[in-house]
Amino acid sequence: GDKQPDIKHWTLEDFEVARDLGKGNFGSVFLAREKSRKLIVALKVMYKQQIKDMGIQKQLEREINIQGHLRHPNILGLYGYFHDDKRIFIILEYAANGALYDELRKRIRFTEEEAAKYIAQMVDALGYLHSNQVIHRDIKPENLMLGRNGEIKIGDFGWSVRTERLKRGTLCGTLDYLPPEMVEGRVHDKNVDIWSLGILLYELIVGSPPFEEKQAENDDVSSAITYERIRNVELHFPKYVSKDAADLISKLLKYNSGDRLPLRNIMHHPFIVKNLPET
Ligand SMILES: COCCOc1ccc2cc1OCC(=O)N(C)CCCNCc1c[nH]c3ncnc(c13)N2
């Protein structure tokens with residue numbers, strides 16, 4: 001089979017740690033090599049006490065369970081996990097080009113061709129997730145990694161859920177990417193990921209999300225302004241945004257989740273058709 005290691009009882013002895021890949025709110029990620037197979041991985045280390053203090057135990061278990069069973073070229077592989085007395089270690093596929101967030105900040109904004117390539121890969125990954133009854137619910141540049149060939153890998157399934165039941169809105173993360181039904185705490189379905197795909201496309205070609213408020217004097221005021229803009233879907237496009245891009249974004253950012261363009265129709269939209277090399 002492929003080089004993915006089979007499920008076994010890992011310990012830290014099985015790995016040699018090379019360097020730090022970044023610090024996050026829940027832990028750190030290191031570049032490591034699994035000794036026996038010489039397999040390069042990303043090792044995420046989290047402290048049990050901190051997980052307990054933040055009450056994210058259930059969420060973490062769900063995340064490991066969901067991501068551990070998924071396998072798709074645009075979804076970051078989760079190979080396994082282990083723990084010692086103080087820490088939990090998650091063994092992940094290594095994304096050689098880091099987080100899309102950092103690339104976007106460096107580039108300010110991408111060309112519409114680059115954005116179309118990323119969106120097409122996201123449509124692939126979301127189609128796979130939704131056909132496995134998984135809603136991600138937290139699609140944003142911070143959670144998207146870049147593989148060796150610049151391909152997107154959705155990571156960090158902290159907020160994903162299996163859709164066996166419609167969830168009561170549990171608020172999560174920054175407001176910018178949340179659809180009206182989630183900021184209003186209403187029931188939501190897989191179309192929340194279609195909304196956040198619209199936000200992502202906008203941010204990739206403009207450089208900031210459509211409903212962001214940066215000038216406000218404090219976070220509460222800026223969140224309240226963003227909240228209102230989301231509910232009123234206050235969309236404004238800079239003049240350099242093509243009409244095809246604006247049209248697709250407008251079809252994804254519909255207030256009513258049922259009115260959003262379904263995943264399979266996105267691939268036939270002129271913005272994607274005109275910007276993707278003949279596949
Ligand atoms: C509960 O946790 C679920 C999994 O969350 C993550 C999985 C993989 C991650 C980052 C994850 O969360 C964010 C985080 O913990 N940071 C420390 C931010 C650092 C950014 N990554 C840097 C990075 C570079 N090449 C990579 N190849 C694979 N994974 C990476 C990275 N990071």
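This report describes the nonpolar cores, the helix packing and several individual residues of one predicted model.

## Basis of the report

The structure is a predicted model, in which local features need pLDDT of at least 70, side-chain atom pairs count only at pLDDT 80 or more, and totals for chains, interfaces and linings use all residues. Residues are numbered from 1 along each chain as its sequence is written, and side-chain values use heavy atoms, with hydrogens and water left out.

## The nonpolar cores

The largest nonpolar core contains 55 residues. A nonpolar core is a set of buried Ala, Val, Leu, Ile, Met, Phe, Trp, Tyr and Cys residues joined through side-chain atoms within 4.5 Å. Buried means under 20% relative accessible area, exposed means over 50%, and partly exposed lies in between (1.4 Å probe, protein chains only). The residues with the most contacts inside this core are I119, L197, L200, L204 and I266. Apart from neighbours within four places in sequence, I119 is in contact (heavy atoms within 4.5 Å) with L197, L200, L201, L204, I266 and I272.

A second, separate core has 12 residues, among them I51, I90, L92 and A95. In soluble globular proteins, nonpolar side chains tend to be buried together.

## Helix 6 between two partners

Helices (H or I, at least four residues) and strands (E, at least two) are DSSP runs, numbered from the N terminus. Helix 4 spans residues 112–131, and helix 6 spans residues 191–206. The axes of helix 4 and helix 6 are 10 Å apart, and the two helices pack at an angle of about 165°. Axes are lines fitted to C-alpha atoms, for helices over the stretch in contact, and angles run from 0 to 180 degrees between N-to-C directions. Helix 4 and helix 6 are therefore roughly antiparallel to each other. Angles under 35 degrees count as roughly parallel, over 145 as roughly antiparallel, 65 to 115 as roughly perpendicular and the rest as oblique. The crossing of helix 4 and helix 6 is right-handed; a crossing is left-handed if the near helix is turned anticlockwise from the far one by less than a right angle, and right-handed if clockwise. On the side of helix 4, the contact involves E112, A115, Y118, I119, M122, V123, L126 and H130, and on the side of helix 6 it involves D193, L197, L200, L201, L204 and I205. These residues comprise 11 nonpolar, 1 polar and 2 charged. Here Ala, Val, Leu, Ile, Met, Phe, Trp, Tyr, Cys and Pro count as nonpolar, Asp, Glu, Lys and Arg as charged, and the others, Gly among them, as polar.

Helix 6 also meets helix 8 (residues 243–252), where the axes come within 8 Å and cross at roughly 150°. That makes helix 6 roughly antiparallel to helix 8. The crossing of helix 6 and helix 8 is left-handed. From helix 6, the residues I194, W195, L197, G198, L201, Y202 and I205 meet A245, L248, I249 and L252 of helix 8. The residues of this contact divide into 10 nonpolar, 1 polar and no charged.

## Helix 8 and I266

The buried residues of helix 8 are D244, A245, A246, L248, I249 and L252. They pack against helix 4, helix 6, helix 9 and helix 10 (270–275).

I266 belongs to helix 9 (residues 263–266) and counts as buried at 0% relative accessibility. Leaving aside neighbours within four places in sequence, I266 is in contact with I119, V123, L197, L248, L252, L261 and I272. I266 and K251 are 15 residues apart along the chain, and their C-alpha atoms are separated by 9.4 Å.

## Residues in loops

F211 lies in the loop between helix 6 and helix 7 (219–231) and is buried, with a relative accessible area of 0%. Beyond its neighbours within four places in sequence, the contacts of F211 include D176, W195, I199 and L253.

Most residues other than glycine have a negative phi. Q133, which is not a glycine, has a positive phi of about 55°. Q133 is found in the loop between helix 4 and strand 6 (134–135) and counts as partly exposed at 46% relative accessibility. R137 also has a positive phi, near 75°. R137 lies in the loop between strand 6 and strand 7 (144–146), and at 4% relative accessibility R137 counts as buried.
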